[in-house]
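Please look at the structure shown here before reading the notes.

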Amino acid sequence: MSKEIAFSPDEASLGELLASGSGEPALGRDPFAEVVEIDPFLERLDSVRTRGRVLGAAAAPSPGPARQAPAREPGAARPEAPRSWTTVPLPRRRRARTPALGEIELGEPRGWLDRLVGEEDRRRLAALAHLVEGEMPFDRYGFSPETTRQAFPFFHALYRAWFRVRSHGHEHLPQEGAAVLVANHGGLLPFDGAMGVIDVLLHTNPPRLLRSMVDRWAGSLPWINVFFARVGQVVGTRENFTDLLDDGQLVLVFPEGIEGIRKPVTQRYRLQSFHVGFVEQALRARVPIIPMAFIGSDDQAPILYDAKRLARRLGLPVLPITPTFPWLGPLGLLPYPVSYKIAYGEPLAYHERFGPEGAGDARLVRYLANQVRRAVQLLVDRNRS
Amino acid sequence: MSNVLVTHADEPIGRRIVKLLFHDPRVGRIFAVGDGSPPRAFDRFLSGSDPRLRYARVDLAKHRPVADLFHSTALRESEIDTVVHVPRHGAPAAQSAPIVAGLAERTAETRLVLQHCLETATVRSLVAIGSAFVYRLPPGNANRLGEESELDLDPDVAPEIRSWIDCDMILHGEVHNDRLRVVLLRVPTVVAAGGYVYLSPALGGRPGLRLRALGYDPICALVSDKDVARAVQAASHARSSGIYNIAGSEAVPLSVLARWTGRSSLPAPGPVVRWVAAGARLLGAETARVASHTLCYGFTLDTSRAERELGFRPSDRIGLARAGDGALRVETAAI
């Protein structure tokens, strides 16, 4: 039945009209009143089912319990649910952990890359596979234990033969739980970060993967960004930093940023001003800060001059003139075979004294960042001499 | 006992939500609307003299049909109190659907549904599914993003993502509404058993070859369709309103996900991908096959807020399994 609506200024009559239509749609058509199209296939299926049921009933007197729900009378209360809906406490989130070396069951070497690596190092690499959840070959930052296994021999060779790394102070690295490692930065290309990752991996038990915070610019580079992610390095955004600490991981930061790698040779081993975000993060996450010093990184590619204006025009963070670059082309960017020394300082437990609320105090955060800078500078100076 | 209206219930995620809500004893009547005929999966639910589920065909992008829907006798008598708005995600043709009243179809639908939810006195909750591709991605293969992360308001963003951002902002504007509880669930790429993938700007649509930017292989956060349905269920019964990230525990690079879902991806230099995308847009072709140049950087989602306030935790594991034809395909299974 169609209802004729006459426009009237009388609001009461309009209200009556709307109120009276409880059994019919107030406007237009009712979509639920229309017959819904039925797929012909289903009609056929229904007829087959019906025939089958009749025939089956004739052949067998007891067809067994039907899967359909029992019919209810309209208006009858619904039967009680078989399951109770109680609140279940949520389990704690799993933290990224690796097993100790003794717990690792090592298989046969796979391919020639495995044969280049000693058994203990293979155990360490196998332990990293436990950082990946379930059956997925990647973690949520794109870390791939398989890619790391393949890249390890090259970086291990750099560690042993090219940079001849010596290190001390590993007792300050926690066996488990999160910590922020704060280091000086230098050397144009981030080989210091790579050597730090290898050193931590080789000197911790259970083996730990150091997650470096890399510059956003590196994250935008084709192939480089993929490689960094596959070997566990993460772009240094606030959210990533927080998440890694919440996950109980070791995070390496270079608070000098780009200023550290583009400082001229006259400034080498003099720490530039620090960004302060890492202190906030450490306080919020209640984790210690561990000073770390790289000796050798500032000598691997001494910068004589930085063409800042040209670099800005080309969209590069740095355009250096070194004794070998640009004279030898891209080969000139390769690091010199200098000897590296890595030192770990005593943890600075600022979180115990100031707590997470200290992260909101900008002056305190700046002060603590300066204290950390001083600690790293002392560590650098002590190990240079 | 709440009565629920589910939009786009004929599409895969909508079907999954209807099925879950049907078996939820806290849900009374379910009204499902969609573009097409009722899915075969609903046959059992629609049978009987007084079925709990009712289905109707409604074009949600047009004002009159949506007004008819919200003023229909069935909805008024049942006093619908919760609306679950599932955006269109199944049919590839819909991605290049005509613009309705100056808006993308998805945006027009969201706007109309929200408007009628606000106008209908009985509706107390609106649970909408949004996309996590609305976030601005910092350079990098993977980025952890929370609900407070910045949205991508770049005017050059792809139209597909633009419509998601518009929907997001329309709903965001009503999150603090006193009368209507608005919950927006931002979901990343949704995968379903059998190698199906939804709501991914790079992999949506029909299977086949895709172009992606050479030198980039962004990490893709994943969630199973069953977990999305569970999140909707949790959100519809929760008391809190707001925006929540919903994601599973797994994340894989785009190239791997493409391979697992039968959509092989071809890396090509960035300018080539851009030219092909522009050409495809001019020719009206399916842009999802070449739109991935905008997706150089990946992300995963911080779901702690949903865990805390909605009690949502992913219950499904996503992995590879060998299908009947011998091919390895993405599969979901309960943890």
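## A buried loop residue

A:Ser297 sits in the loop between strand E6 (289–295) and strand E7 (305–306) of chain A. Helices (H or I, at least four residues) and strands (E, at least two) are DSSP runs, numbered from the N terminus. This is a predicted model, in which local features need pLDDT of at least 70 and side-chain atom pairs count only at pLDDT 80 or more, while totals for chains, interfaces and linings use all residues. Residues are numbered from 1 along each chain as its sequence is written, and chains are lettered from A and ligands numbered from 1 in the order in which they are written.

- A:Ser297 counts as buried because it has 31 C-beta neighbours inside 10 Å. A residue is buried if 20 or more other C-beta atoms lie within 10 Å of its own, exposed if 12 or fewer, and partly exposed in between, with C-beta atoms placed from the backbone.
- Leaving out residues up to four places away in sequence, A:Ser297 touches A:Gly186, A:Gly187, A:Phe191 and A:Asp192. Two residues are in contact if their C-beta atoms, placed from the backbone, lie within 7 Å.
- A:Asp192 is 105 residues from A:Ser297 along the chain, but their C-alpha atoms are separated by 5.9 Å.

## A residue in helix H14 of chain A

- A:Leu378 belongs to helix H14 (residues 362–384) of chain A.
- A:Leu378 counts as partly exposed because it has 13 C-beta neighbours inside 10 Å.
- The C-alpha atoms of A:Leu378 and A:Pro291 are separated by 9.6 Å, with the two residues 87 apart along the chain.

## The nonpolar core

- The largest nonpolar core has 171 residues, and A:Val180, A:Leu181 and B:Leu185 touch the most other members. Such a core is a set of buried Ala, Val, Leu, Ile, Met, Phe, Trp, Tyr and Cys residues joined through C-beta atoms within 7 Å.
- Not counting residues up to four places away in sequence, A:Leu181 touches A:Leu210, A:Leu250, A:Val251, A:Leu252, A:Ile290 and A:Met292.

## Strand E3 of chain A

- Strand E3 (residues 210–214) of chain A is mostly covered, with five of its five residues buried.
- In a regular strand the side chains alternate between the two faces of the sheet.
- Both faces of E3(A) are covered: A:Leu210, A:Ser212 and A:Val214 are buried on one side, and A:Arg211 and A:Met213 on the other.
- Three bridges pair E3(A) with strand E5 (residues 250–253) of chain A in the parallel sense. Two strands pair if DSSP finds at least two bridges between them.
- A:Arg211 has A:Val251 in E5(A) as its bridge partner.
- E3(A) also pairs in the parallel sense with strand E4 (residues 234–235) of chain A, over two bridges. Here A:Val214 has A:Val235 as its bridge partner.

## Two helices of chain A

- The axes of helix H4 (residues 119–128) and helix H5 (residues 145–162) of chain A come within 9 Å and cross at roughly 150 degrees. Axes are lines fitted to C-alpha atoms, for helices over the stretch in contact, and angles run from 0 to 180 degrees between N-to-C directions.
- A:Asp121, A:Leu125 and A:Leu128 in H4(A) meet residues of H5(A), including A:Phe152 and A:His156.

## Chain B as a whole

- Chain B has ten helices and 17 strands.
- A compact globule of 335 residues would have a radius of gyration near 20 Å, so the 19 Å of chain B agrees. This radius is taken over C-alpha atoms, and the globule rule is 2.2 Å times the number of residues to the power 0.38.
- Of the 335 residues of chain B, 56% count as buried.

## Two sheets of chain B

- Seven strands of chain B form an open sheet in the order E3-E2-E1-E4-E5-E7-E12, with parallel pairing.
- Strand E3 (53–57) and strand E12 (242–245) of chain B stand at the edges with a single partner strand each, so one side of each is left without a neighbour in the sheet.
- Strand E2 (residues 27–34) of chain B is joined to E3(B) by five bridges, and B:Ala32 stands opposite B:Tyr55.
- Another open sheet has four strands in the order E9-E8-E11-E13 (chain B), and its pairing is mixed.
- Its edge strands are strand E9 (196–198) and strand E13 (251–253) of chain B, each pairing on one side only.
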